[in-house]
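Reader: Hi! I've got a protein open on my screen and I'm new to this. Could you walk me through it?
Author: Happy to, let's look together.

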Amino acid sequence: SPLPLVPAQVALSQPYNHKAEVFSWTSLLYHVLTLEKPFAKMDAKKFVLEACKNGMRCPLDKKWPAKLRAVMTEGWAGDPAARP
């Protein structure tokens, strides 16, 4: 299922732009680093409610470098304008 890579703004029927790709890229990076699909334990309804509307994100490993965690936090920003 492509759900883990769907940007929050797309799931909420907001305008699509390059910031949506940043969200997807961050989700893909999380998958590569953890070997787990982001948001995998959520069905579509829960994803929209928790991740898209309430801003829940996957946990970032504290062992990862601070700069990496910062980039991922920015990439998953709820406000698309706040993403790199």
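Author: One term to begin with: a salt bridge is a side-chain nitrogen of Lys or Arg within 4 Å of a carboxyl oxygen of Asp or Glu. Also, this is a predicted model, where local features need pLDDT of at least 70 and side-chain atom pairs count only at pLDDT 80 or more, while totals for chains, interfaces and linings use all residues. Residues are numbered from 1 along each chain as its sequence is written, and side-chain values use heavy atoms, leaving out hydrogens and water.

Reader: Thanks! How many helices and strands does the protein chain have?
Author: There are 4 helices and 0 strands. Both are DSSP runs numbered from the N terminus: helices are H or I with at least four residues, strands E with at least two.

Reader: And how big is the chain along its principal axes?
Author: The C-alpha trace spans about 35 × 25 × 20 Å.

Reader: Which residues of helix α3 are buried?
Author: In α3, residues 44–53, they are F47, A51 and C52. Seen down the helix axis, these fall within an arc of 85°, so they line one face of α3. The arc is that of the directions from the helix axis to the C-beta atoms. Buried means under 20% relative accessible area, exposed over 50%, and partly exposed in between, with a 1.4 Å probe and protein chains only.

Reader: What sits on the face turned away from that buried side?
Author: The exposed residues K45 and K53. On the buried side, the cover includes α1 (8–11).

Reader: What happens at the start of α3?
Author: A side-chain oxygen of D43 comes to within 3.3 Å of the backbone nitrogen of K45 there. After α3 comes G55, with a positive phi near 75°.

Reader: New topic: where is R57?
Author: R57 lies in the loop between α3 and α4 (66–75).

Reader: Is R57 buried or exposed, and what is its nearest side chain of opposite charge?
Author: R57 is buried, yet has no salt bridge; that nearest side chain is E50, 9.3 Å away. For charges, Lys and Arg count as positive and Asp and Glu as negative, with His and the chain ends not counted.

Reader: Which backbone oxygen does the R57 side chain reach?
Author: That of W76, at 2.7 Å. R57 also touches several residues, among them F23, F39 and A51, leaving aside residues up to four places away in sequence. Contact here means heavy atoms within 4.5 Å.

Definitions and conventions. A polar contact is a pair of N or O atoms within 3.5 Å; within protein, one must be able to donate a hydrogen and the other to accept it, and residues adjacent in sequence count only if both atoms are side-chain atoms.
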